[in-house]
Amino acid sequence: MHNQMIDLDTLFEGIYNKLISPEFGKNIGGELPLFVQPVPSELQTDVESQIKRLSTRLQKKGIVSVSINLYDLCMEILREADVLDTILEQEQEIKREDIISTLDSVLDIKSVIIPRIKEAILETHPQYVFISGVGNVYPFVRSHGILNNIDELTGECNLILFFPGEYNNLQLKLFGSISDENYYRGHNLNEFS
C-alpha cells in the first residue's frame, strides 16, 4: 500500500509541474483542451485527496481550479429531484428497469449533468476543471458521454478527467477491463511533459 501511495504522489507531483507551466495546453494544434489522466483503478479512492491537494497548491500559485466529483454531483441531483430517498427506501419493491429508467432520465448527460458542470465553471472561471468519480457513477454516467458533450465548456479552461483505468488516445478502458466507446479527442495527460 505504501508503494502505491508513493506512485500516486509521484503521479500528482508530475501533474502539478505540468499545470504550473505557462505553456500547458497551448500547443495542442487548435484541438479542444480536454485531457484524460489515467489513474490505476486500485488507487481511485485516493484520487480525491490528491486533487484537493493539487488544487490548493495551484491556488497558492494564483491558478484557479474547480473540482467536480461526478458521484457527488449525481447524488446532489438525485436528492434535488426527490428520487434518491425513494429509491433507497423502496429498492426491493421497485423493478430494476424502473430504477434504471429513472436514473437515466434524472441524470441525463446533455440536459442535466453538462449544464451543472457549466454552472460550476461559470461561477469560478477556472483555468483548470478536474472531473473525478467516473468509476463510481458507471454505468449510469459514462465518461465518453461527458467528454463527447463537454466541447462548449472548454473554451476558457483546460478540462482534466481523472479516469480509473487506461486511455490510449483512442479508447477508454474503465478499470482496465471495461471498454467504452472510442474516444480520440482527449489528450492523454501522461504524454505531456
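The largest pocket holds about 240 Å³ of space. Of the 14 residues that line this pocket, Met75, Leu78, Leu84, Leu103 and Phe140 are the closest to its centre. Helix H3, helix H4, helix H5 (96-106) and helix H7 (134-137) are the elements that give two or more residues to the lining. The largest share, four residues, comes from H3. By class, the lining has twelve nonpolar, one polar and one charged residues.

Before going on, a word on what you are looking at: this is a predicted model, in which local features need pLDDT of at least 70 and side-chain atom pairs count only at pLDDT 80 or more, while totals for chains, interfaces and linings use all residues. Residues are numbered from 1 along each chain as its sequence is written, and side-chain values use heavy atoms, with hydrogens and water left out.

A few terms also need their cut-offs. Pockets and cavities are found on a 1 Å grid over the protein atoms alone: a cavity is a set of points where a 1.4 Å probe fits but cannot get out, a pocket is an open set with protein on both sides within 12 Å along at least five of seven lines, and lining residues have an atom within 4 Å of a point. Grid points are joined across faces, edges and corners, and a volume is the space filled by probe spheres set on the points. Ala, Val, Leu, Ile, Met, Phe, Trp, Tyr, Cys and Pro count as nonpolar, Asp, Glu, Lys and Arg as charged, and the others, Gly among them, as polar. Helices (H or I, at least four residues) and strands (E, at least two) are DSSP runs, numbered from the N terminus.

**The cavity between H1 and H2 residues**

The structure also holds one cavity of 30 Å³ or more. Its lining is made by Phe12, Tyr16, Gln50, Arg53, Leu54 and Arg57, and the elements that give two or more residues to it are helix H1 (2-19) and helix H2 (47-60). Here the largest share, four residues, comes from H2. The two linings can be set side by side:

| Space | Volume | Lining by class |
|---|---|---|
| Largest pocket | about 240 Å³ | twelve nonpolar, one polar, one charged residues |
| Largest cavity | about 30 Å³ | three nonpolar, one polar, two charged residues |

**Helix H3 and its ends**

H3 spans residues 70-80, and Leu70, Leu73, Cys74, Met75, Ile77 and Leu78 are buried in it (buried means under 20% relative accessible area, exposed over 50%, partly exposed in between, with a 1.4 Å probe and protein chains only). At the start of H3, a side-chain oxygen of Asn69 comes to within 2.8 Å of the backbone nitrogen of Tyr71. This is a polar contact, a pair of N or O atoms within 3.5 Å; within protein, one must be able to donate a hydrogen and the other to accept it, and residues adjacent in sequence count only if both atoms are side-chain atoms.

Just after H3, Asp82 takes a positive phi of about 55 degrees. Asp82 sits in the loop between H3 and H4 (84-90), and counts as exposed because its relative accessibility is 63%. His125 likewise has a positive phi, about 45 degrees, although it is not a glycine. His125 belongs to the loop between helix H6 (109-124) and strand E3 (128-132), and its relative accessibility of 61% is why it counts as exposed.

**Strand E3 and its partners**

In E3, five of its five residues are buried. Tyr128, Phe130 and Ser132 point one way, and Val129 and Ile131 the other. Strand E2 (residues 65-69) pairs with E3 in the parallel sense over five bridges, and two strands pair if DSSP finds at least two bridges between them. Four bridges join E3 to strand E4 (residues 158-167), also in parallel. Val129 is the bridge partner of Val66 and stands opposite Leu159 in E4.

**Lys18 and the cysteines**

Lys18 is found in H1 and is buried, with a relative accessible area of 14%. A polar atom of its side chain lies 2.7 Å from the backbone oxygen of Leu189. The C-alpha atoms of Lys18 and Phe192 are separated by 7.5 Å, although the two are 174 residues apart along the chain.

Two cysteines are worth a look: Cys74 is buried at 2% relative accessibility, and Cys157 is buried with a relative accessible area of 3%. A disulfide is a pair of cysteine sulfur atoms within 2.5 Å, and by this rule the count comes to zero.
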